[in-house]
Amino acid sequence: MPTEPGSSRSTPLPHGSEISFEDWAVTITDVLRGAEANQAIASANQFNDPAPEGWYYLIATLHLTNIATDQEAKSVSFAIDLRLTGDRNILYSPASVVVPQRLEGELFPEGSTVGQLAFLVPTDEHNLMFYVNERMSFDRDKRRFVAIDEGATISPDPALADQTPTDEGRTRANPATMGNTTISPAWEITLLEVRRGDEAAQAITDANRFNEPAPEGEAYILAYVRVRYLGQRDADHVSEISQSNFKVTGSANIIYPRPSVVPPTPKLEARLYPGGYTEGWVVVQAGIDDHDLMLIYEPMLDFSSENRHFLRIE
């Protein structure tokens, strides 16, 4: 179990805490959100999109100091991996918008600067806190959580451990049918809707004008999927899911390559803590004459089959 202050979402550091990593020291000095942050983003750049309905902007101001022992200048842009999470158990990355005060430049040791990052946050997200780590660090034990909301604390629902894996959906011989939830040790997955033919092709064309038609002899398939991460490791392990985790196969016994297309909105893409769920569209492709098609879900870099899922498309 984590023992260092701020190393768990259950015991985040208080707002304003300085965190010292190997090369950088960082303090989140200010947080602006809601109407004020929305206005600040709108004023920063005329091309910034307004927050979608049900969301708002949050702007974090960071104070960074280069504390490295070498004498090389380091880029501020690649210093800190700052993200945001809350009790929906989703890890949010910074929004792609221009902020009032950009985090940029290079610093020699003992040099300091101030800059901002912005996030889009659902209005029903509570117990907000920041995830903080050095950008080039692959040591999860170095990460720290810093509270945004006073008294913020998050612990996984103990009931997650009581979920029993299903037989349905775990093998090609027994794929889950549409609407039925298939459960593995780490994931719950449900196929909710499928679109094919001209309807799917038009939706993909509308999603992005640079999306190309399916290869000759094949066709796109749109699948709307809901997932929940149950967790397998520590309570603060985050797992990523996206279109890249899904492929399709059928009676021809071919696993078709993933298409390089932008899916319609909402696309299935999220980083989830245990208990977190999301849903959205994925795009796959298959031979037009193939039948008995099914989606295959496989976690990235998972060399076992215990979390593989099969979901019947037809």
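Leaving aside neighbours within four places in sequence, Asn 307 is in contact with Arg 170, Ser 184, Pro 185, Ala 186, Trp 187, Gln 232, Tyr 297, Pro 299 and Asp 302. Keep in mind that this is a predicted model. The residue sits in the loop between β19 (294-297) and β20 (309-312). Is Asn 307 buried or exposed? Asn 307 counts as buried because its relative accessibility is 2%, and the cut-off for that label is under 20%.

The side chain of Asn 307 has a couple of polar partners worth a look. One is Ser 184, where a side-chain to side-chain polar contact comes in at 2.7 Å. Another is the backbone nitrogen of Ala 186, which the side chain of Asn 307 reaches at 2.8 Å. Both Ser 184 and Ala 186 also turn up in the contact list of Asn 307.

### How the domains meet

The protein chain divides into domain 1 (17-147) and domain 2 (160-312). Their centres, taken over C-alpha atoms, are 31 Å apart. In terms of contacts, 11 residues of domain 1 meet 11 residues of domain 2. The size of an interface is often quoted as the accessible area lost when the parts come together. Here the two domains bury about 880 Å² between them, with 46% of that on carbon and sulfur atoms. Which residues of domain 1 lose the most area to domain 2? They are Asn 89, Leu 91 and Arg 140, which together make up 49% of what the domain 1 side buries.

On the domain 1 side, β5 (80-85) and β6 (90-92) each supply at least two of the residues that touch domain 2. That side of domain 1 splits into 4 nonpolar, 3 polar and 4 charged residues.

Ser 112 is placed in strand β8 (residues 112-122). With a relative accessibility of 38%, Ser 112 counts as partly exposed. Not counting residues up to four places away in sequence, Ser 112 touches His 63, Leu 64, Thr 65 and Leu 107. With Thr 65 there is a polar contact between the side chains, at 2.6 Å. Ile 67 is 45 residues from Ser 112 along the chain, and the C-alpha atoms of the two are separated by 9.4 Å.

Ser 242 is placed in strand β14 (residues 239-242). Is Ser 242 buried or exposed? Ser 242 is buried, at a relative accessible area of 12%. Leaving out residues up to four places away in sequence, Ser 242 touches Leu 268 and Glu 269. The side chains of Ser 242 and Ser 244 are also joined by a polar contact of 2.8 Å.

| Residue | Partner | Distance |
|---|---|---|
| Asn 307 | Ser 184 | 2.7 Å |
| Ser 112 | Thr 65 | 2.6 Å |
| Ser 242 | Ser 244 | 2.8 Å |

Most residues other than glycine have a negative phi, and most peptide bonds are trans. A few spots in this model go the other way. Which peptide bond is cis? The bond from Thr 265 to Pro 266 is cis, with omega near 0°. Pro 266 lies in the loop between β16 (255-256) and β17 (269-272).

Then there is Asn 127, a residue other than glycine whose phi is positive, near 55°. Asn 127 is found in the loop between β8 and β9 (129-134). At 24% relative accessibility, Asn 127 counts as partly exposed. Asp 292 has a positive phi of about 55° too, although it is not a glycine. Asp 292 lies in the loop between β18 (277-287) and β19. With a relative accessible area of 40%, Asp 292 is partly exposed.

Key: Residues are numbered from 1 along each chain as its sequence is written. This is a predicted model: local features need pLDDT of at least 70, side-chain atom pairs count only at pLDDT 80 or more; totals for chains, interfaces and linings use all residues. Side-chain values use heavy atoms; hydrogens and water are left out. Domain bounds come from an automatic or database domain assignment. Contact means heavy atoms within 4.5 Å. Buried area is the accessible area (1.4 Å probe) that two parts lose on being put together, summed over both. Helices (H or I, at least four residues) and strands (E, at least two) are DSSP runs, numbered from the N terminus. Ala, Val, Leu, Ile, Met, Phe, Trp, Tyr, Cys and Pro count as nonpolar, Asp, Glu, Lys and Arg as charged, and the others, Gly among them, as polar. Buried means under 20% relative accessible area, exposed over 50%, partly exposed in between (1.4 Å probe, protein chains only). A polar contact is a pair of N or O atoms within 3.5 Å; within protein, one must be able to donate a hydrogen and the other to accept it, and residues adjacent in sequence count only if both atoms are side-chain atoms.
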